[in-house]
Amino acid sequence: MEALHLFLAKQQNWIEPSEAYRGLADHFRLEAEALSSTMADGRSHWENRVQWARKKLVDNGSLDNSRRGLWKLKNGK
């Protein structure tokens, strides 16, 4: 959650989730094997972890949740 918060704080505008997935994967220097790991239902394990971090930011009031499919921190958060 902290890494996602820091990543979003550096962004100037709304971003798509795919930008966050790539940016955080680069930050953590994840290898292809980690990025290709899937859960039992076929969804990406990595993307699911980032989505949970995003949900925590929404729940604590840090993330602007007003635009579907786009992520941005609230002003001053």
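Predicted model: local features only at pLDDT ≥ 70, side-chain atom pairs only at ≥ 80, totals over all residues.
On the α1 side, the contact is made by A3, L4 and F7, which meet E19, A20, G23, L24 and H27 of α2. Sorted by class, this contact of α1 with α2 comprises five nonpolar, two polar and one charged residues. An α-helix has 3.6 residues a turn, so residues three or four places apart point the same way.

The secondary structure amounts to four helices and zero strands, and the order along the sequence is α-α-α-α. With a radius of gyration of 12 Å, close to the 11 Å that the globule rule gives for 77 residues, the chain is as compact as a globular protein of that length. Taken along the principal axes, the C-alpha atoms fill a box of roughly 35 × 25 × 20 Å. Buried residues make up 32% of the 77 residues of the chain. Among contacts with a separation of 6 or more, 51% come from residues 24 or more positions apart.

Returning to α2, its buried residues are P17, A20, Y21, G23, L24 and A25. These buried residues of α2 pack against α1, α3 (32–36) and α4. Of the residues in this buried set, A20, G23 and L24 also take part in the contact with α1. Just after α2 comes R29, which takes a positive phi of about 55°.

Towards the other end of the chain, attention turns to K72, found in the segment after α4 (45–59). Leaving aside residues up to four places away in sequence, K72 touches N13, W14, L63 and D64. As for R54, its C-alpha atom is separated by 10 Å from that of K72, the two residues being 18 residues apart along the chain.

Technical notes:
Residues numbered from 1 in each chain as written. Heavy atoms only, no water. Contact = heavy atoms within 4.5 Å. Helix = DSSP H or I, 4+ residues; strand = E, 2+ residues; numbered from the N terminus. Nonpolar A, V, L, I, M, F, W, Y, C, P; charged D, E, K, R; others polar. Rg over C-alpha atoms; globule rule 2.2 N^0.38 Å. Buried < 20%, exposed > 50% of the residue type's maximum accessible area, 1.4 Å probe, protein only.
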